[in-house]
Amino acid sequence: MTKDMTRGRPLSLILSFCIPMVLGNILQQFYNMADTIIVGRCISSDALAALGSTGSVCFLVIGFATGLCTGLSIPVAQRYGAGDHKGMRSCMINAVYIAAVVSVVLTVLTMIFCRPLLVLMQTPADIIDDAHGYLFVMFAGLSATILYNLLAGFLRAMGDSKTPLAFLAISSVLNIGLDFAMILLFDLGVMGAGLATVIAQGISAILCLVYMHRHYAILAFEKDEFAFRPDCCRQLCSISFPMACQFSITAIGSIILQSSINSFGPAVIASVTAAQKIQTIVLGPMESLGITMATYCGQNLGAGRLDRIRAGLKSSIRVGLVYACAACAFSFFLGKFFVYGFVSSEEADFSVILEHAAYYLRVTGLFYPILAVLFILRNALQGMGYSFLPMSAGIVELVARVFAVGVLVKATGYLGVCLASPAAWIAADILLISATVYALATLPRRIPAAAVQKA
């Protein structure tokens with residue numbers, strides 16, 4: 001069911017849209033975490049380290065794809081908010097054309113260069129084969145990931161955050177079952193975990209496509225709407241590619257940081273892997289709140305409702321800060337106990353992994369409020385059509401992470417590893433806060449006169 005976010009109390013709309021996304025994010029991270037738990041407990045800590053060493057590379061490629069799909073859905077949200085359903089459908093078709101081309105190019109390039117990149121990152125020789133097998137399968141199935149994220153983005157652009165949740169729940173159950181089958185029954189090791197994830201995401205994409213075709217009368221496409229429109233593609237690319245690059249720029253910093261982590265050996269790699277998986281679950285609601293703001297701001301921009309954009313930003317920041325403080329307390333006091341789920345206590349390095357993972361969660365958890373503001377402002381700016389400013393914040397994050405690796409890690413060792421991401425968050429927030437003030441001041445000039453009159 002579609003939802004018009006241009007009418008009603010901003011806080012209520014934001015929360016009602018965000019909560020299904022939070023549940024969906026938790027489900028998605030849960031089955032990603034299931035990969036990690038099953039690999040760590042059913043194979044070995046070295047296998048867990050192999051899986052963990054691929055995280056930043058996956059973020060580089062899949063983050064680019066996710067950012068692209070999110071960006072492609074923003075003009076759809078703007079047209080939906082403006083009531084231009086015909087333009088919205090034409091926008092969707094041209095977004096599919098762009099996504100298809102990107103999917104083919106990304107798949108070919110990543111399958112060729114994934115192993116050289118692992119070598120460049122100083123991945124230890126005893127885990128590089130497992131890491132390469134996992135990445136190769138994930139990148140071979142990149143089209144399924146892009147299709148699901150694109151369709152889910154379209155649904156959210158029309159205000160429907162519940163349908164993607166339902167299909168994600170189904171694929172989550174399938175993914176966990178496939179994990180056990182691939183790893184224990186077929187003995188495919190770490191590569192089997194990647195295969196299970198790809199199949200599960202492919203099923204989610206197919207379910208979204210079938211549902212949209214059968215239940216959305218608003219998506220009854222007319223023949224002329226399938227035409228390639230250069231003007232529409234230019235607008236889509238001007239928003240989506242900076243968003244995709246922003247994700248990838250951030251990921252490059254993560255790859256540099258991962259290279260530094262790899263130099264500490266498999267035990268530390270495994271500990272950071274476990275800690276980051278726990279952190280991903282904890283941060284999911286904050287990330288979902290940010291994505292909600294992209295849709296909310298996009299629809300209200302199309303409707304010419306600048307007043308609602310301001311009100312929504314204030315409400316979302318308050319909610320984000322309250323949750324961030326609770327997440328900080330959880331990570332500091334309870335995060336350690338969840339590490340037991342990833343590594344068997346019988347492992348020789350168990351005490352080292354537990355100690356380092358708990359330390360990572362405590363240090364980074366102190367900076368969650370800063371990250372909450374980052375998620376909200378970055379996505380809000382993207383929803384308002386300011387695609388260059390969030391990308392600039394990504395560049396600032398990259399510079400801060402490179403500084404942390406070059407200075408903090410060398411000076412303080414493992415503490416520098418823990419402080420690298422918070423340093424990037426702080427640097428990005430300084431830019432994003434200034435950028436948001438500028439955007440809100442200049443936004444009236446970007447809203448079409450017809451939309452203002454309608455509002």
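Reader: Before we start, what should I keep in mind about the model?
Author: It is a predicted model in which local features need pLDDT of at least 70 and side-chain atom pairs count only at pLDDT 80 or more, while totals for chains, interfaces and linings use all residues. Residues are numbered from 1 along each chain as its sequence is written, and side-chain values use heavy atoms, with hydrogens and water left out.

Reader: How many salt bridges are there?
Author: The count comes to 9 salt bridges, where a salt bridge is a side-chain nitrogen of Lys or Arg within 4 Å of a carboxyl oxygen of Asp or Glu.

Reader: Which residue does Asp 224 pair with?
Author: Asp 224 forms a salt bridge with Lys 86, and their closest N and O atoms are 3.0 Å apart. Lys 86 sits in helix H4 (residues 85–120) and Asp 224 in the loop between helix H8 (189–215) and helix H9 (230–262), 138 residues apart; helices here are DSSP runs of H or I with at least four residues, numbered from the N terminus.

Reader: And is Glu 225 buried or exposed?
Author: Glu 225 is buried, with a relative accessible area of 1%, whereas Lys 86 is partly exposed at 36%; buried means under 20% relative accessible area, exposed over 50%, and partly exposed in between, with a 1.4 Å probe and protein chains only.

Reader: Switching topic, what does Arg 378 pair with?
Author: Arg 378 forms a salt bridge with Glu 397, at 3.3 Å between the closest N and O atoms, and both residues are buried.

Notes. Helix = DSSP H or I, 4+ residues; strand = E, 2+ residues; numbered from the N terminus.
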